[in-house]
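I opened the model to look up a few points and wrote them down in the order I checked them. The entries follow.

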Amino acid sequence: MANYARLKKALLALQTRLQPLHEGDSRQDPASQKRLLVESLFKDVDVDGDGHLSRSELAQHMLKEQGLEEDFLGCSPGDLLRFDDDNKDGLLTLHEFYTAFQVVQLSLAPEERVSVATVTVGLSTVLTCAVRGDLRPPIVWKRNGLALNFLDLEDINQDFGEDDSLYITKVTTIHMGNYTCHASGYEQLFQTHVLQVNVPPVIRVHPETQAQEPGVAASLRCHAEGIPMPRITWLKNGMDVSTQMSKQLSLLGLSVGNMFYIFSDDGIIILHPVDCEIQRHLKPTEKIFMSYEEICPQREGGTTQPCQWASAVNVRHRYIYVAQPALSRVLVVDVQAQKVLQSIGVDPLPAKLSYDKSHDQVWVLSWGNVHKSQPSLQVITEASTGQGQHLIRTPFAGVDDFFIPPTNLIINHVRFGFIFNNSDPAVHKVDLETLMLLKTIRLQSHGCLPQAMAHTHLGGYFFIQCRQHSSSPAAPQLLLDSVTDAVVGPNGHVTGTPHTSPDGRFLVSVASSSPQLHVQEITLRGEIQTLYDLKVSQGVSDVAFQPSFTQGDQYYVYATLETEPDLLFLELSTGKTGMLKGLKEPPAPAGPARAWAGPRRIVRDSGLFGQYLLTPARESLFLINARQNAPRCEVAGVKGGTTVVWVGEV
């Protein structure tokens, strides 16, 4: 058979010499060129033009006569009938001739070029490639341009049987999007599979139960998320009352559990937003319940000094964990008792906290010193118990920052987080349960030193902000596919710090040093679309998302400006903007002594069913009524209120 193979190779070489390809044909891929060459040889041998090659026609095509004297050990063109006449009729068709010379003939029906499949989250699915043909090479599956065949993916695998189908064992919303398949070496003929993922509605109501006197206004709030987007209908005793009730609904005063906690120079302020009153003020000299230390110890000699706070997180609306960098500790505030329950000693200068709700643990990033030269990452376990927690020091060295994707109504469990170093062009994937490093994703080819990250479960994208070099313009964000852990490429022209809406459908990117505000939407098919770019008067300090009061699937954005006393209002669906003015000067910029400070002027929302936002000024706090889109009140006499946590019942 080796000599037979040499014979066929010689026949094609001879044909190339006798019938060179035309200029246009020579530009085609090698597989197409080979097919044209075999067709040309078939026509030359088919002397009578009947579409079949007989033994006599093959015998007439003598190699020796064409100047090929090589010895093929008895093989001749007539042996094509001996080995490749599939139906043994003594004749070779063009199809049999293709097979003899291993010319792959592939086909894909026009109606199958795009296949749409819809799967319910949690189920498995099979994608089968419709590219067919004799001698078809193995099928290659791609997502976002990356071949999946040789990746060790947990939920996706390829059947290496005859059909080379793609199996997704447990579909989630990160799997939605486009997959392509083609025969290896024949990428120009491909099929696109559009995978759509349905998610049954998840519903939250507030309040779940209530009792009111006759004639007293009551409020019923309902929020639902799912794919497709749910439509809310109100029923009373089984009867549709949506149209009648929509005009009767009015605001019910928030209960005692719904409060803003402001960590200020003068201790902890607990603010009730409805009546704009400070419900409780925990002074710096008040004692910590379990250790009897002062909340903010005074200097020796009794001279007062302002409290210093860094980051704070809400733990299941039961506790607040707040970092005190100068004291190298984290305080635990009991929300029910409205007292500081205990302090937990951590490594020097704790600067950032993040709550991993899926594993009930608080991550603590300590700098070691103001130069950030000895950073360490620690984890406080069993955070929602309020006591008996354990502090675990992770083995990760040189960590400048980390990112844990947030949960929402649809995604209630997160398995992985990311750590990164501002001088290392990479992000490192970490198992949140075992605290083990799983993978390093290099960004060097994109010249990106990571600075911040955001995530959407729709299509499973991570958005990575790259650090800006002082002498060059800001680089575009990078897109990371969480299915393959591969960089897809830049996020268009979008720069700045990415912020995703609670439902993962909107991405707002801003920077304190840039007047650009970018708004993108991630569709329910996992496609990223740019809605619009806005130019604001100056850089944006912070943003907050406020659910719409009239449309269940829409959000407003409130953005604080870096140096101006105004608050930008943006309706995401329309791009309509406005300014809330007269909110006084923002807090003074943080100096080197408070290098851990976050945005200069923060803005905090009040949860899924809340209507209030809070933003600090230099010596006061401003409450915003988002329903009326107007300032609610100013709470005077509060300095340094730049660390704020909302605690609610839902």
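Before the helix entry I note how the geometry is taken: axes are lines fitted to C-alpha atoms, for helices over the stretch in contact, and angles run from 0 to 180 degrees between N-to-C directions.

**Entry: helix pair.** This is a predicted model. I looked up helix H1 (residues 2-18) against helix H3 (residues 30-45) and found them packed at an angle of about 85 degrees, their axes 10 Å apart. Angles of 65 to 115 degrees count as roughly perpendicular, and H1 and H3 are therefore roughly perpendicular to each other. From H1, I listed Leu11, Leu12, Gln15 and Thr16 in the contact. From H3, I listed Lys34, Leu37, Val38, Ser40, Leu41 and Asp44. Sorted by type, the residues of this contact are 5 nonpolar, 3 polar and 2 charged.

**Entry: Ig-like record.** In UniProt, an unreviewed entry, I found the feature "domain: Ig-like" at residues 110-198 and 201-238. For residues 201-238 I noted 0% helix and 39% strand, with 19 Å between the end C-alpha atoms.

**Entry: backbone exceptions.** Most residues other than glycine have a negative phi, and most peptide bonds are trans. I found a cis peptide bond from Ile227 to Pro228, with omega near 0 degrees. Pro228 sits in the loop between strand S9 (221-227) and strand S10 (235-236). His317, a residue other than glycine, has a positive phi, near 60 degrees. I placed His317 in the loop between strand S15 (312-315) and strand S16 (319-324).

**Entry: confidence.** I noted an average pLDDT of 87 for the protein, with 93% of the residues scoring at least 70. Residues 246-256 have a pLDDT below 50, and in the model this stretch has 20 contacts beyond near neighbours in sequence. Where pLDDT is low, the predicted coordinates should not be read in detail.

Notes
Residues are numbered from 1 along each chain as its sequence is written. This is a predicted model: local features need pLDDT of at least 70, side-chain atom pairs count only at pLDDT 80 or more; totals for chains, interfaces and linings use all residues. Side-chain values use heavy atoms; hydrogens and water are left out. Helices (H or I, at least four residues) and strands (E, at least two) are DSSP runs, numbered from the N terminus. Angles under 35 degrees count as roughly parallel, over 145 as roughly antiparallel, 65 to 115 as roughly perpendicular and the rest as oblique. Contact means heavy atoms within 4.5 Å. Ala, Val, Leu, Ile, Met, Phe, Trp, Tyr, Cys and Pro count as nonpolar, Asp, Glu, Lys and Arg as charged, and the others, Gly among them, as polar. pLDDT is the predictor's confidence in each residue, from 0 to 100. UniProt positions are given in the numbering used here, feature names are shortened, and annotations may be inferred rather than shown by experiment.
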